[in-house]
Amino acid sequence: MAKIVIFDTTLRDGEQAPGYSMNVDEKLQLAYQLAVLKVDVIEAGFPISSEGDFKAVNNIAKKVKGPVICGLARMLEPDIVSAGKALKPAGKRRIHVFVSSSDIHLKYQMKKSRRQVIEMTKKGVKLACSFAKDVEFSAMDATRSDPAFLHDLFSEAIEAGAGTINVPDTVGYTIPEEFAVLLDGIMANVHNVKRSVVSVHCHNDLGLAVSNAITAIQHGARQIECAINGIGERAGNTSLEEVVMAIKTRKDFLKSSTGVKTAEISKTSKLLTAITGIGVQPNKAIVGENAFAHESGIHQDGVLKKRETFEIMTARSIGLKKNRIVLGKHSGRHAFGVRLSGLGFKLNKDQLNKAFERFKQLADRKKEVFDEDLGALVGTEIPVRSDAYKLLSFTVVTGSDEEPSATVKVKDIGKGVETKRTGSGDGAIDALYNAIGRATKEKGMLLNYIAKATTPDKDAMSEVTVQVRFGGRQGPTVRGRAASTDTVEASAKAYINALNRYVEEK
Ligand SMILES: [Zn+2]
C-alpha cells in the first residue's frame, strides 16, 4: 500500500474562487476541522497577497495542531520572507514556492528566459529552505511545458532542497493518458526524483481533475492537492472527498491509502457550506444530497436485500447522518455548545454566547431546531467580530397595487445613535435595502441575492446570502448572510451583515 499525502488547498486555491472569500476567523474554523479530518497538509493561504491572508496563515500556524501548515510564495524574496514569517509559529511548516514553466507563460507573463527561471528557482528554493525544512516546488502550467525543460527545472529544485515537486495542470487541460506519459517522463528523467515526493494539482475545467489525479497515483505521484467540495479557481480543483473515497473504495485496484478520517467528510463539506453559504449540486459525488439516495424501485429492492447490490460505499463511511431533531426551546448552553462542536464549529466564548442568544430567539419561533438550522445560524454568525450596525426593527408594505415601501430602524453601535428611515423600490427587498441605505448613509449595489430553506419542513428557516458592492463602482464586493424564520427579516439582516463586513474590512 502506497501512502498518499493529502494536501488541502481549500483555504488558498479554493478561497480564491469568486464568492468563497473567507475572513481570518472563518478560515480558522475550517482549518480546525481540516485537522480533525486528518489531512496531511493545510495550505492556509498566500501570505504576501494581503494583510488578511498573512494574518490567517499566521493564526492557523499558531493554533491548528496536527497537519503541516503551508503558505504559498512566488519565487521572489519578499514573498518567501513573508511566508516564512507567517508560518513561524507552526509546529510543522512548509513553504510552497512556484514559478511558471511553460513557454507561453515565460514569454508573455514573466518575460524571462528558461535560464533565468532556473536561476530564480535555485535561489528561491534555497531561501525557502532557510525558513522551513519542508519546501515544495511547483512548476506552474507544467502540463503545457516542454518536458525536457520541466525535467531540468525539477532536478534543480530538488538539488536546491525541495522535498516535494508539484506538477500542476494549472489550466485544466490534460487528459489522463497524456498526464500519465508526462509523469512517466518525470520519473524516468529527473535524475534525483527519488529524493522527493511527486505531487499533482489538477483543475477541473474539463471535468477530469479527479481522473487525472487518480491516474497520477498509478504513475508514481504520492501527493494529491485537492479542496473540500472541489472548490477552486474557475471549475475548481480535484475534490478531496472524491479522490479520498476513490482511493478507499478501490484500494484493491489502486493499492494505496490516505490518512484521512473519512467519517469526518460529510461534516467538513457541510461546514464549508455553512461558512460560505454556497452548497454543492445535489448529484455531486460523495457529498451531494442525492449521493446515497436510491430512488429507482429495482435499486431500492436490491439494496434492501443486500446492500452491496447497488451500493459501493456506505453513507456511514463519510459520516452522513439524517437531519434529526437536535435542540429545542429548553436546551441549555452546554447542549448547544456540544452540538455545535459536533458540527465542526470551534467557537470562542464570545462567539458562543452570541450564537446561543440567536439560538434562543430561533427556538422561540421554531419548535424543532435541526443541524442544518444550526449550521446556517452559526455560519452566518462567525464573520464579523464587532458589528458596526444593528437592525432594531423593520416594516415592509407591498402588494400588487401598491408601490413597495419599507421603514427600518438601525443602530450605529459605535456612535450609539438610532436612525429611522423609509425607502421605496421596485419590490419589497429593494425598498428594504434602500431604507437601510438611507439609515446608514452607506449606499450599496446589490449584485446577487439567494434565499433558500435550510430544511424541507414547513416552519423551516430561510437563509439569505447577498453580494453587495459598497463604496461606489470601484468599491469591494462583500458577502452577507443571515438566517431567520422570516425571509424578509433574513434579507434585511443579510444586507446589514454585508455592510458590517465592509466596515470591518475597511
Ligand atoms: Zn490551482
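Going along the sequence, the residues that donate to the zinc ion follow the spacing D-x187-H-x1-H. They are D13 (OD), H201 (NE2) and H203 (NE2), sitting 1.9 to 2.2 Å from the zinc ion; donors here are N, O and S atoms within 2.8 Å of the metal (3.2 Å for Na, K and Ca), and water is not among the atoms, so sites may look incomplete. D13 in helix α1 (residues 10–14) and H203 in the loop between β8 (197–202) and α9 (209–218) are 190 residues apart. Helices (H or I, at least four residues) and strands (E, at least two) are DSSP runs, numbered from the N terminus. Both D13 and H203 are buried, with buried meaning under 20% relative accessible area, exposed over 50% and partly exposed in between (1.4 Å probe, protein chains only).

A word on the model: it is predicted, local features need pLDDT of at least 70, side-chain atom pairs count only at pLDDT 80 or more, and totals for chains, interfaces and linings use all residues. Residues are numbered from 1 along each chain as its sequence is written, and side-chain values use heavy atoms, with hydrogens and water left out.

Now for the charged pairs. The structure holds 27 salt bridges, each a side-chain nitrogen of Lys or Arg within 4 Å of a carboxyl oxygen of Asp or Glu. Four of them are listed here, among them one with R12.

| Pair | N to O distance |
|---|---|
| R12 and E43 | 3.1 Å |
| D53 and K27 | 2.7 Å |
| R114 and D146 | 3.1 Å |
| E489 and R365 | 2.8 Å |

R12 in helix α1 and E43 in strand β3 (residues 41–45) are 31 residues apart, and both are buried. R114, in contrast, is partly exposed at 29% relative accessibility, and D146 is partly exposed with a relative accessible area of 29%.

Domain 3 covers 325–379 and domain 4 covers 389–505, with bounds from an automatic or database domain assignment. About 950 Å² is buried between domain 3 and domain 4, 50% of it from carbon and sulfur atoms; buried area is the accessible area (1.4 Å probe) that two parts lose on being put together, summed over both. On the domain 3 side, R365, K366 and A376 lose the most area to domain 4, together 48% of what that side buries.
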